[in-house]
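Please look through the sequence and the model shown below before reading on. The paragraphs after it are meant to be read beside the coordinates, element by element.

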Amino acid sequence: MAELDMSQYLDLFLQEADEQLEILEQETLRLEKDPTQERLQKIFRAAHTLKGSSRAMGFLTFAEVTHEMENLLDLLRGGQLQVTTEIADALLACLDTLSAIKAQIAEGRGDAYEAGELVENLKRLARGSAPTAEAAPQNAGADELPAELVQKLTEKTKQGPILRARIRLAPDCLMKFVRAFMAINAVNEGGTLVATHPDGETLEEEKFGDTFELFFRSERPAEDWQKTFQAIGEVAEAEVGPWQPRTADVAQPSVAQQPAGVRPETKPVAKPAGAAAGRKADTGQTVRVDVARLDELMNLVGELVIDRTRVAQIGAVLAAKYDNEENVEALAETVGHIARITSDLQDQIMKARMLPIETVFNRFPRMVRDLANKVGKEIQLDLEGGDTELDRSVIEAIGDPLLHILRNSVDHGIEPPEDRVKAGKPQTGRILVSARHQENHIVIDIEDDGRGIDVARVKQKAIENGLVSPEAAERLTDKDALQFIFASGLSTAQQVSEVSGRGVGMDIVRSNIQKLGGIIDVESTPGKGTKFSLRLPLTLAIIRGLLVSVGGVVYVIPLGSVVETLLVHRKEVQTVHAREVILIRGVTTPLVRMGEVLGITNRWERKHEDEFFVVIVGIAEQRIGLVVDKLIGEQEVVIKSLSGFVGDVPGVSGATILGDGNVALIADVNGIISCGRAA
Amino acid sequence: MSTAPVLNHREQNVIFRLGEESYGIDIFRVHEIIRLREITPIPGSEPHIRGLVNLRGKTIPVVDLRTKFGLPPAEDTESTRIIVVESDRGNVGIVVDAVTEVVTVEPDQVDATPPLVANVTAEFVRGIAKQEAQLITLLNLEQAIAA
């Protein structure tokens, strides 16, 4: 897991630490007067939680303190020790120390902290004995250089400049000395080692946290050294800069005293907690905000967006009416300004709600690994574009569909190693999950190089399940036939495995994607692999929509579902089984008369114009043409749910308010398609 | 449905007209009264739902009480109003022919069991209030606007 970028978890850790420390403080304060079992239990849990999360983050000093706290609390809990003032004091001292370490971490200075005495004291209390004379510090972090060392180095600088390398090992580094030794070797190859901190013996015995420092002379520039150290395995962070007396006591060499080009924050291959801590102030200044409040803000901005459009329209009307009127011009200007501010505000709030898709992707490697082991396959999972951001509401909703698809790829897509070798493919299968922005959407592809989907089998299954008649199946193109994998109850797996094959899954995937207003597409080449493409809106609160008029009612079709708009001539329309279809670039696309399926207009009143507008929409894998009366234009609209009062209305997913103050309905494309199918 | 006294204490009611009848709803349930404005129909919704209106940036559904009560439809006029009331499921507008007044109804003015007096099904009615010369049907709002 060392390759994981932990920096994104830092905020979470800090938030959690805040919460747990608060609990600790409150409960510890009461503990002395009222040492109930329940209270002890609470404190123990808080300490335990902190230990776990700090370990995971690689903050070992923090973890050590909480570990000792836990030991002590366990004894108290078990009744082997009684709560005394001394113990309460010690616990509070722990709190102070933990708060201090936490503050240090938040400022990006890591968790190196002199906690030896405290730890010793806790250990002593746990033993129930009196203070020992020499509560030797177990490990004096790497921050404070012993006076002798400073003196020695100061001496040495007189003979020439000394470089200082502060190397931080990955928190889970197993052979710390080996790594330190490699670093020392590297120094000896390109320079002269002057001193180490801690000293060689301590290094050898691995009696140091995760940071050590090397002082050496070299002609090579500092950034060069930085790379050298970072190339050593399990090195989380390496900082190299000139060492000078006085400033040496400062934990981090300041930028000013470094040669140009060397930044204290480095970008190592592995970037665990250390680097995260280096991010400094931007984590110390976060505020936790309730999601509900963000939603409320988004709503308010939504209303502002509506009024902005409204004011702009009124302004335009006034401008047309009162030409050359000074105030009208001023109004236009102000409206323009408000419009800009509103969109900025909207952007900012949208951004505040954005999360990188990584938060979803991070669940995959483990799942794929475990699953591959279980089914005896070799799979390499590649994730790309994890930093692509999208609204948290979308993030929350896409995790499961993606997992489903991945699971299918592992279980059905990728062949067992023997089969792959036989087929002349590399033994290890590859699954690539990639995300990218495309206009106002996010596109997520899940691609495997497995056996592909057996179209003949899909057809056969579809026939067996009564989804299609054998004759109709004959006529289906491969691409159309593939769509049946999204039908409920259809699985082409020969056997139901523990993992998948029950035929529930792809239909759930489809319905989840549809709920989000997304499109899912599948392509498959037998023997080569399968690729699922998901296209999702970035946010669910404000969408761009295509305004159309149908029987006098204005509908907003979410642009995310719109593939294209066409002006179709009557002659182009053909009839298949009494259904109107048109051919678009060779693809047969059914037409749905929107007014008729929604019961606004009547089939018999159909006007027989020569030409009419068709909006080609794609929902999930289907393409369908909606016949509308008029195309009005494109607009950003704020989605308002239909009141619970109105209930579910077929073909309508919500409402919105247009610039002219009127209410328009948001078309539920999926619903319209289902209505059309039933008609 | 009610056998206990309809009102336990005096209550102010907003009185409105539908055709020839007067109806009253508890003033505390009334959010505001607005002039008729553009109502966007929702094709496919229940017949008594006339559509949605924009109330200062919020969309609220509007119920046509005439349809609900099985009265013949009427033309919208200058006096047609939308009474915005608070319901369990958010604010709802009801279209009425006119809003006439606000009256204080004393408990002893109300008859519990409505005789077949109004054009309205009994379940929508809390009671009938006698006010001077006129009879006012006190509406059970939740029932009257429910689907």
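Predicted model: local features only at pLDDT ≥ 70, side-chain atom pairs only at ≥ 80, totals over all residues.

α15(A) packs against helix α16 of chain A (residues 392-413), the two axes coming within 10 Å and crossing at roughly 30°. Angles under 35 degrees count as roughly parallel, and α15(A) and α16(A) are therefore described as roughly parallel to each other; their crossing is right-handed. On the α15(A) side the contact is made by A:F364, A:M367, A:V368, A:L371, A:A372 and A:V375, which meet A:L403, A:L406, A:R407, A:V410 and A:D411 of α16(A). By class, the residues of this contact comprise nine nonpolar and two charged, with no polar residue among them.

α16(A) also packs against helix α21 of chain A (residues 506-515), here at an angle of about 150° and with the axes 9 Å apart. Since an angle over 145 degrees counts as roughly antiparallel, α16(A) and α21(A) are roughly antiparallel to each other, and the crossing of this pair is left-handed. From α16(A) the residues involved are A:A397, A:D400, A:P401, A:H404 and A:I405, and they meet A:I508, A:V509, A:N512 and A:I513 in α21(A). The residues of this contact divide into six nonpolar, two polar and one charged.

Another helix pair in chain A is formed by α4 (residues 85-106) and α5 (residues 116-127), which pack at an angle of about 150° with their axes 10 Å apart. That angle makes α4(A) roughly antiparallel to α5(A), and the crossing of α4(A) and α5(A) is left-handed. The contact draws on A:E86, A:I87, A:A90, A:A93, A:C94 and A:T97 from α4(A), together with A:L118, A:N121, A:L122 and A:L125 from α5(A). Seven of the residues in the contact of α4(A) with α5(A) are nonpolar, two are polar and one is charged.

Two loops of chain A deserve a look at the level of the backbone. In the loop between β2 (192-197) and α8 (200-204) of chain A lies A:P198, and the peptide bond that joins A:H197 and A:P198 is cis, with omega about -5°.

Turning to chain B, one finds an open sheet of six strands in the order β8-β1-β2-β11-β10-β9, with mixed pairing. β8 (98-105) and β9 (110-111) of chain B stand at its edges, each with a single partner strand, so that one side of each is left without a neighbour in the sheet. β9(B) is joined by two bridges to β10(B) (residues 125-131), and these strands run antiparallel; within this pairing, B:V110 has B:A129 of β10(B) as its bridge partner.

Chain B also has an open sheet of five strands, ordered β3-β6-β7-β5-β4 and again of mixed pairing. Its edge strands are β3 (30-35) and β4 of chain B, each of which pairs on one side only, and the twist averages 30° from one strand to the next. Inside this sheet β5(B) and β7(B) pair in the parallel sense over three bridges, and B:V63 stands opposite B:I94 in β7(B).

Where do the two chains come together? In the contact between them, 20 residues of chain B touch 24 residues of chain A. β4 (49-55), β5 (58-64) and β7 (90-96) of chain B each supply at least two residues of the side of chain B that touches chain A, and β4(B) gives the most, with four residues. By class, this side of chain B has 10 nonpolar, eight polar and two charged residues.

Note on methods
Residues numbered from 1 in each chain as written. Chains lettered and ligands numbered in written order. Contact = placed C-beta atoms within 7 Å. Nonpolar A, V, L, I, M, F, W, Y, C, P; charged D, E, K, R; others polar. Pairing = 2+ DSSP bridges. Axes fitted to C-alpha atoms, helices over the stretch in contact; angles between N-to-C directions. Parallel < 35°, antiparallel > 145°, perpendicular 65-115°, else oblique. Left-handed = near helix turned anticlockwise from the far one by under 90°.
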